[in-house]
Amino acid sequence: MVDGVVVGTLDDAGVSQWDGAYEASISAEEKQSLLRLTRNTDSSLQSKFKSKEVYRASPGLFIISSSPTSLLVRCASSAVGDRVQALLDRAAQAEAEGGQPSTSGGGCGCASDRGPTKQTQQQQQQQPHQQQQRQATNSFDEKTEKASSEMYFSYYGALMHQQNMLQDFTRTGTYYAAIVQNPADFEGRSVMDVGAGSGILSLFAAQAGARKVYAVEASGMARFARQLADSNPTLGGRLEVVNAKVEEAHGLIPEKVDVLISEPMGTLLVNERMLETYLYARDHFLKPGGAMFPQVGRIHAAAFSDDVLYNEVLSKSFFWMQPNFYGVDITSLQADAMDSYFAQVVVDAFKPSTLVSSCATKVLDFLTVSESELHDISIPLSLKVGGTGPVTVHGVASWFDVFFNGSNNQVWLSTAPGLPTTHWFQLRCVLKGPLYVNAPCTLSGTLRLVAHARQSYHVHVELNGPPLQPGGPPQSSGGVFDLKEPYYRQCNPFAWQAEGGQ
């Protein structure tokens with residue numbers, strides 16, 4: 001193998017020969033045609049190549065460009081090339097139709113067209129058991145809806161979405177400072193980048209002096225991470241891009257690492273549930289006493305007052321108050337529509353003056369917190385409303401920060417209101433029933449985050465206030481919000497215009 005390219009030949013009998021101790025086969029499975037390359041001395045270099053990644057440069061020459069290994073296949077004759085192309089075409093058609101491709105009558109690769117070798121038969125016998133084992137031990141797939149994970153990896157496999165994160169200079173600059181300015185934690189160390197994306201954090205670790213960086217990325221972005229590493233050879237030579245879920249990376253990472261780096265934060269810190277993958281990497285791949293960047297996350301919550309936002313959410317359902325919409329009375333749906341709008345969390349940037357109370361904080365130490373603790377997070381609220389006079393409390397506002405506990409330099413990354421806006425913004429849960437209080441007073445309640453299988457959380461808010469009148473019952477309001485289905489208010493120019501005019 002030279003510069004990541006394996007050169008092989010394929011003869012008329014379907015027998016292949018490769019540089020070094022490699023085996024390869026072209027087969028059809030899982031709705032796609034796959035070319036599987038295995039280096040006998042190191043199973044971690046096994047790769048799968050989809051048919052769409054294969055380019056037929058000439059009748060007898062195929063180029064397979066992928067990560068971490070590319071192949072140049074020279075066929076003994078154009079007839080062999082035709083058989084390979086026919087297999088790839090059938091698999092591509094089956095993939096488009098959503099069916100299983102046929103493997104009969106067209107196989108070529110290590111196994112001859114005359115029949116499978118004994119070794120291949122053993123592999124075929126073992127494969128269902130191995131697949132069953134992978135399914136049984138892959139905790140990510142067990143807890144995640146398939147449609148959600150497919151959309152998730154498709155989203156992060158696109159460069160445009162990686163660009164959105166890279167251009168968040170607060171995010172990227174803080175990570176750069178946290179890693180590069182802590183050489184004592186990285187020089188000569190082994191590092192795993194959990195969910196590496198474009199590989200930028202892996203390259204930061206190399207800049208800080210890391211001996212080896214395993215950039216683990218499950219989406220198609222792994223190909224671009226390898227490309228970025230190859231175009232920066234001084235740094236990229238220490239990177240090994242592993243295109244797999246962290247939960248499936250056993251056997252692909254040959255050592256336990258000294259440091260974990262990751263950007264696992266979603267909206268309200270926990271959205272997308274990637275923190276659980278970060279903890280999985282801690283439990284399975286981090287050496288005892290190893291470091292985590294970041295090490296601590298905090299969720300903050302406070303009461304807010306915002307008449308403009310409340311009326312904006314309330315008025316969304318007014319559309320359904322039409323008794324004659326093209327001859328149809330749609331008013332019966334108005335109440336349900338109102339409930340659905342008030343069940344959306346609002347994601348935007350707001351002024352600190354919107355907050356009317358003290359803060360409640362939940363601390364998560366990633367070195368010690370268990371994965372199960374992230375499935376149900378409860379934050380008691382005891383919020384002191386300052387000042388004097390009447391205050392209308394419209395709900396609970398939240399944001400987060402994370403801490404990098406470097407040996408040379410300790411760094412915070414914060415999404416708090418009033419600080420430079422990040423792509424996470426802040427989050428607000430607007431209560432359908434506001435609380436009307438006289439300050440000073442104290443609000444009590446709970447902010448509870450319950451994980452669900454769509455890689456997010458249901459947010460349960462309960463907020464209690466003093467009675468409206470002396471001797472009356474305490475005020476109480478609450479709601480359940482789906483963190484997966486937010487109202488991205490920052491995308492609404494009219495809302496931003498109103499906010500700026502306050």
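Let's start with Tyr-176, which is partly exposed at a relative accessible area of 36%. On this scale, buried is under 20% relative accessible area, exposed is over 50%, and partly exposed is in between, using a 1.4 Å probe and protein chains only.

Two quick notes on the source. This is a predicted model, where local features need pLDDT of at least 70, side-chain atom pairs count only at pLDDT 80 or more, and totals for chains, interfaces and linings use all residues. Residues are numbered from 1 along each chain as its sequence is written, and side-chain values use heavy atoms, with hydrogens and water left out.

Now the aromatics. Rings of Phe, Tyr and Trp (its six-membered ring) pair if their centres lie within 6.5 Å; planes under 30 degrees apart are stacked, over 60 edge-to-face, and the rest tilted. That rule gives 15 aromatic pairs. Take Tyr-152 and Tyr-156: ring centres 5.1 Å apart, planes at 70°, so they sit edge-to-face. They are 4 residues apart in helix α4 (residues 146-156), so about one helical turn separates them. Helices here are DSSP runs of H or I, at least four residues; strands are runs of E, at least two; both are numbered from the N terminus. Tyr-152 and Tyr-156 are both buried.

Back to Tyr-176. Its ring and that of Phe-204 have centres 5.1 Å apart and planes at 80°, so this pair is edge-to-face. It links distant parts of the chain: Tyr-176 is in helix α6 (residues 169-180), Phe-204 in helix α8 (residues 200-207), 28 residues apart. Phe-204 counts as buried, at 7% relative accessibility.

There is also a cluster. Phe-140, Tyr-152, Phe-153, Tyr-155 and Tyr-156 make up one aromatic cluster.

Next, charges over rings. The rule: NZ of Lys or CZ of Arg within 6 Å of the ring centre and within 35 degrees of the ring normal. Arg-223 places its charged end over the ring of Phe-224, 4.5 Å from the centre. Lys-316 lies over the face of Tyr-487, 3.2 Å from the ring centre.

Last, the sheet. Which order do the 5 strands take? The open sheet runs β12-β11-β10-β13-β14, with parallel pairing. Two strands pair if DSSP finds at least two bridges between them. At the edges are β12 (239-242) and β14 (286-293), each pairing on one side only. Inside the sheet, 4 bridges join β10 (residues 190-194) to β13 (residues 257-262), and the two run parallel. Asp-193 stands opposite Ile-261 in β13.
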